[in-house]
Amino acid sequence: MPTWLLRQKYLIDFTLSSLLRRRAKNLGLLLVYTLIVFVLGSVMLFTHALRQEAAAVLEGAPEIVLQRLVAGRHDLLPASHLERIGSVRGVQKKEGRLWGYFYDPATRANYTLMVPHDRTIAGGEVVIGAGIARTRGLARGDFYTLRGQDGQPQTLRVADVLGSGSELVSSDLMLVSEDFFRRFFGIAPGLYTDVALTVRNPNEVRKIAEKLTLLLPDTRPILREEILRTYDAVFAWREGIVYVLLVGAVLAFVVFAWDKASGLSAEERREIGILKAIGWETGDVIRMKFWEGALVSLTAFLVGYLAAYVHVYYSDAALFEPVLKGWAVLYPRFQLLPTIDGLQVATLFFFTVFPYTVATIVPIWRAAITDPDAVMR
Amino acid sequence: MLLNPAILALLGVSAIVTLLVGAATAFGLHLLREWDIASGSELQLRLERRTYLIATLVAFSFVAELVSLLLFVYNAEAMHTQFVGAMCATGVLNVNPWGWPTLFLKIAVFFTGAVWLALNHLDNQGHDYPLVRVKYGLLLALFPLVLAAGAAQALFFLGLRPDVITSCCGALFSPESAGVAAEVAGLAPARAALALAASGALVLGAGSWVLLRGSGGGPFGAAGLLAFVVAIAAVVSLVALYVYEHPHHHCPFCVLKPGHDHVGYWLYVPLFAATALALGAGAVAPWRRVPSLAHAVPGEVRRRTRLAVIGYALFYAVATYAILRSNLTMTDVWW
Amino acid sequence: MIELREVRKAFNQGRTNEFWAIRGVSLTLEDNRVTVLKGPSGSGKTTLLSMIGCLSRPTEGRILLEGRALSGLPERFLTEVRRRTFGFIFQQFNLIKGLSVLENVMLPAYPIGRPRGALETEASELLERFALGEKARYRVEWLSGGEAQRTAICRALINGPRILVADEPTANLDTRLSRDFMSIVRDLRAVGKTVLLSSHDPEVYDSPFVDRVVQMRDGRVTDC
């Protein structure tokens, strides 16, 4: 082994035994440190997972959704529009969609009613999302009564409950037949909520959107990439805000670390004095202390990150679900997809290990320049 | 401005590193005024002890800047979804005029820091600290660089507007457009290959000369810098094409993506490390005439040169492998 | 050989409580001799000892080791010289609690980075020589006063120094242990070491194993 490596090994050995000798003092620091990593790591992993989830959900969404506007408000779109779109080159598929919201006073929640395209649902039946099933205590075969736009109660049989695969969006979903939908909301045949367009070449999306606005001036195209971009920005922004709030916590931690590092006990001071007297150089002491910081940081970082990982991916971020996620009363319960990426780890590093190290540089240096002859006085 | 944790971290780190290097520079200036190595006074002892703090601050800032360089690129890569027209880091750096200067300044800080640390390491082996003035003079150059990198980065992030339509690697590195990037990309791949081979031969040759003859560290440092510039240009104009297997995709960042077996790391990590070491060797070599350093310089130069040569060799090997392995054949087009 | 030329040392220089602990000492110390710095407390023995042992630097004057000037060296190089040339035995022994006897002995060698196996063998041999072989794995706080001092002597010898420096070595020992210590000093001299002691204990300066006594008072040598 080369000499410099051996030297580092000796220093690490010494600092490890010295950390263990002062277990009680270091445990407090380690705990706070780990907690900081845990909280910041949880926020980060959670928002990252949400972003991914949203992206995964939108993966299957149409490239362009066309809405009709009347006086600046979203309005129903006549079938004649659909035919006119047919002449735009590059549009692979187009379908008029029917969907809307329904407020259920019993659970005080908004449900999304939708007529699915990929499955047919019989007239008196409904397929519900897992969230609705949970809150209303419904299972397959149960009957479910809602009050329609004309005030008449309508009863549906629950044909199926949607799986929790992507519960984030399907939690509050009710799939119904077209007949039922039109009757329930009083929408005349030939009118649609909006139109979904599939475009073959993603590079043409913008061009097609441009053509559509010229062809149908009373409509507004919504691009999938725009939604994705907005989601991304919104999630990043929310995460940023939480981090700004947490900067206070990080600062408190820095002060704490500074205090711990500069408040050496008489015993520790004596030890450093002895080391210097028996032939340790200032640089050796700094390196030794650096290894101490590295060991503490590594432990705190690993434990904190692991705990955050478990918290987010295996306990559904139980601690702050309500803050970051809730946009509906029916909290979706879903399994996030576990991932680790360099950007997150590097960012987390800069929010935890970096400030800790900054806080300890000067105290470490102060301790290291102890007079070598101090022990003789 | 866009707010996300990585941006917050980068801004915070730049601010703190600027402060630390600023403090180190201030200490350094004070030290230069009072320094008297022959004195046994308590003041001189305090100054000598302060050099440990300065060195620690600079070393720490150097590591922080290195990690933040990585984070900056990762973050640019991750933000491409938020800008129309951006498909990777290139597009994001193009959103406003401060993206590229930030990257270049960060790289400059990295190399200057490496040189400073090499000089410091050497100086610590001369019993009369003969390079004190050189070292703290160089700090005066490092500080403005750090400051400029931090300022450019702040301007870049503050000026990020999501409604800007940017142009990405396809447009920026296309030979038809104007600018340095386009000229680099427009370099005929055959000429790029030739330049890469020539600079490689030069730097490896200079390195071998240093290892065999024990002299010529300075020229090796210069050759290293040249090799670095040529290598980056060649990655853009030549290697990237083979990695992406696409005759018009010139991008220095996409090679870092997992889709390309992380080949970018295998290219950039050895290249950056080797260049930092070569510059260090070049900075150290001229001091062999200082009596108190005469014993240390040859070893220092040799050690750095050996590692640098290994790094360069690795880079050229990976670049060659990337070209040979590729399914892209350009025989009819270029040769 | 160690030469001191007009060595002076000040504390709190430039402040109102400025104090000159050593006020001009010139002295030559031969190799392979046992020299005792004798004098009352406050006479500057310890300060002088720490300067000779490269623990601190003189404010003025020069110290030469084998003709090489040490006084102008920065701390970094003084440390380098110190850990290869000098071994220290302190009045309070200054062992690190919580570590074993063996680890304490090996501590001065850590920054040198010698291979662990060789270092452990050497430390064990030293402990064996000073009758501490069986206590190598004990924690140092379980040792008696005499054992603690012998551990400190082993620690001082681990890097193979030519010169041993002991500051008031018998201050915490009874008469029997003090005599034991002086016989160790004799043995060290016999193997070619130079020994430098500071003491105001007659057991030390009147010992037959001492070659030379340097009398000090108020920061000056009064008799040598």
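This is a guided tour of a predicted model, chain by chain and contact by contact.

Residues are numbered from 1 along each chain as its sequence is written, chains are lettered from A and ligands numbered from 1 in the order in which they are written. In this predicted model, local features need pLDDT of at least 70 and side-chain atom pairs count only at pLDDT 80 or more, while totals for chains, interfaces and linings use all residues.

**Stop 1: chain A**

Colour chain A by domain. Domain 1 covers 3–58 + 229–376, and domain 2 covers 99–186; the bounds come from an automatic or database domain assignment. Their centres, taken over C-alpha atoms, are 47 Å apart.

Now select helix 2 (residues 23–59) of chain A and helix 8 (224–262) of chain A. Helices here are DSSP runs of H or I with at least four residues, strands are runs of E with at least two, and both are numbered from the N terminus. The axes of helix 2 and helix 8 of chain A lie 10 Å apart, at an angle of about 180°. Axes are lines fitted to C-alpha atoms, for helices over the stretch in contact, and angles run from 0 to 180 degrees between N-to-C directions. The two helices of chain A are therefore roughly antiparallel (angles over 145 degrees; under 35 is roughly parallel, 65 to 115 roughly perpendicular, the rest oblique). Their contact has 22 nonpolar, 1 polar and 6 charged residues. Ala, Val, Leu, Ile, Met, Phe, Trp, Tyr, Cys and Pro count as nonpolar, Asp, Glu, Lys and Arg as charged, and the others, Gly among them, as polar.

**Stop 2: chain A against chain B**

Show both chains. Here 28 residues of chain A are in contact with 26 residues of chain B (C-beta atoms, placed from the backbone, within 7 Å). On the chain A side, helix 8, helix 10 (282–314) and helix 12 (342–368) each supply at least two residues. Helix 12 of chain A gives the most, with 13 residues. This side of chain A divides into 19 nonpolar, 6 polar and 3 charged residues.

**Stop 3: Trp209(B)**

Centre on Trp209(B), in helix 8 (residues 189–213) of chain B. Trp209(B) has 17 C-beta neighbours inside 10 Å, so it counts as partly exposed (20 or more would be buried, 12 or fewer exposed, with C-beta atoms placed from the backbone).

**Stop 4: chain C against chain B**

This contact takes 12 residues from chain C and 10 residues from chain B. Helix 2 (residues 75–85) of chain C brings the largest share of the chain C side, 3 residues. By class, that side has 4 nonpolar, 4 polar and 4 charged residues.

**Stop 5: the sheets of chain C**

Start with the open sheet of 4 strands, order 2-1-4-5, antiparallel. Strands pair if DSSP finds at least two bridges between them. Strand 2 (19–29) and strand 5 (68–69) of chain C are at the edges with a single partner each, so one side of each is left without a neighbour in the sheet. Strand 5 is joined to strand 4 (residues 60–65) of chain C by 2 bridges. Leu65(C) has Arg68(C) as its bridge partner.

Move to the open sheet of 6 strands, order 6-7-8-3-9-10, with mixed pairing. Strand 6 (86–89) and strand 10 (220–223) of chain C are its edge strands. The twist averages 25° from one strand to the next. Strand 7 (residues 163–167) and strand 8 (residues 194–199) of chain C run parallel, joined by 5 bridges. Val165(C) stands opposite Leu196(C) there.

Finish on helix 6 (residues 175–190) of chain C. Helix 6 lies across strand 3 (34–38), strand 7 and strand 8 of chain C, at about 155° to strand 8.

Note on methods
Contact = placed C-beta atoms within 7 Å.
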